Amino acid sequence: MWVDMGMLLQAEHDAMVEKAAVVLEREMRAGQYLAWVAEADGVVVAGCGIALRQIQPRPTGEGKVRGEHPQPLVLNVFVEPTHRNLGIARAMMETIINHCRERGYPSVVLHSSAEGRKLYESLGFAPTNEMRLDL
């Protein structure tokens, strides 16, 4: 995914996979990361996941108080180039949204690439005021 987006050098791919595998295994065992994959003819062609992060109490949009709760952060949405534009990413995102609704999470967040923005907006995601400082 990161190489495809131009954010990671191909030469760094294996190191990234190795480091990510350690973190994802630990978080999956702890129930803090859930993953989904899509297969075609027994081969994984897409994947995505959610990391559950704890959110502190804060006001809701209606001026009330929402207590501490887990908030799913959608991560690692990727479809192999040969399987894009077939509705796989939409189906995976709908699965994630339904999973989160069933568990009563009050919101779901993600960081979108330019390519994914249209899909996420069509599913009801809206831009927020988040800002970032890379250190």
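Histidine 99 is buried, with a relative accessible area of 12% (buried means under 20% relative accessible area, exposed over 50%, and partly exposed in between, using a 1.4 Å probe and protein chains only). You will find histidine 99 in helix H2; helices (H or I, at least four residues) and strands (E, at least two) are DSSP runs, numbered from the N terminus. Its side chain and that of arginine 103 are joined by a polar contact of 3.2 Å. A polar contact is a pair of N or O atoms within 3.5 Å; within protein, one must be able to donate a hydrogen and the other to accept it, and residues adjacent in sequence count only if both atoms are side-chain atoms. Leaving aside neighbours within four places in sequence, histidine 99 is in contact with Leu34, Trp36 and Ile50, where contact means heavy atoms within 4.5 Å.

Before we go on, a word on the model: it is predicted, so local features need pLDDT of at least 70 and side-chain atom pairs count only at pLDDT 80 or more, while totals for chains, interfaces and linings use all residues. Residues are numbered from 1 along each chain as its sequence is written, and side-chain values use heavy atoms, with hydrogens and water left out.

Now let us turn to the sheet. Four strands form an open sheet with mixed pairing, in the order S1-S2-S5-S6; two strands pair if DSSP finds at least two bridges between them. At the edges are strand S1 (33-40) and strand S6 (109-110), each of which pairs on one side only. S1 pairs with strand S2 (residues 43-55) in the antiparallel sense, over eight bridges. Within that pairing, leucine 34 stands opposite isoleucine 50 in S2, and alanine 38 stands opposite alanine 46 in S2. The hairpin of S1 and S2 has two residues between the strands, and there aspartate 41 takes a positive phi near 55°. S2 also pairs with S5 in the antiparallel sense, over nine bridges; here the bridge partner of alanine 51 is leucine 73 in S5.

How does helix H2 lie relative to S2? Helix H2 (residues 88-102) lies across S1, S2, strand S5 (69-79) and S6, and runs at about 30° to S2. For that angle, axes are lines fitted to C-alpha atoms, for helices over the stretch in contact, and angles run from 0 to 180 degrees between N-to-C directions.

Next comes the nonpolar interior. In soluble globular proteins, nonpolar side chains tend to be buried together. The largest nonpolar core here has 20 residues, of which Val74, Ile88, Met93, Ile96 and Tyr120 touch the most other members. Such a core is a set of buried Ala, Val, Leu, Ile, Met, Phe, Trp, Tyr and Cys residues joined through side-chain atoms within 4.5 Å. S2, S5, H2 and helix H3 (117-122) each supply at least two residues of this core, and the largest share, seven residues, comes from H2. Setting aside neighbours within four places in sequence, tyrosine 120 is in contact with Val77, Met93, Leu110, Ser112 and Phe125.

What about the cysteines? A search of the whole structure finds zero disulfides, a disulfide being a pair of cysteine sulfur atoms within 2.5 Å. Cysteine 48 is buried at 3% relative accessible area, and cysteine 100 is buried at 1%.

Glutamine 32 sits in the loop between helix H1 (13-29) and S1 and counts as partly exposed at 41% relative accessibility. Not counting residues up to four places away in sequence, glutamine 32 touches Glu27, Ile50, Ala51 and Leu52. Threonine 60, in the loop between strand S3 (58-59) and strand S4 (65-66), is buried, with a relative accessible area of 16%. With neighbours within four places in sequence left aside, threonine 60 is in contact with Val65 and Arg66. Glycine 104, by contrast, counts as exposed at 54% relative accessibility; glycine 104 lies in the loop between H2 and S6. Glycine 104 and histidine 69 are 35 residues apart in sequence, and their C-alpha atoms are 10.0 Å apart in space.
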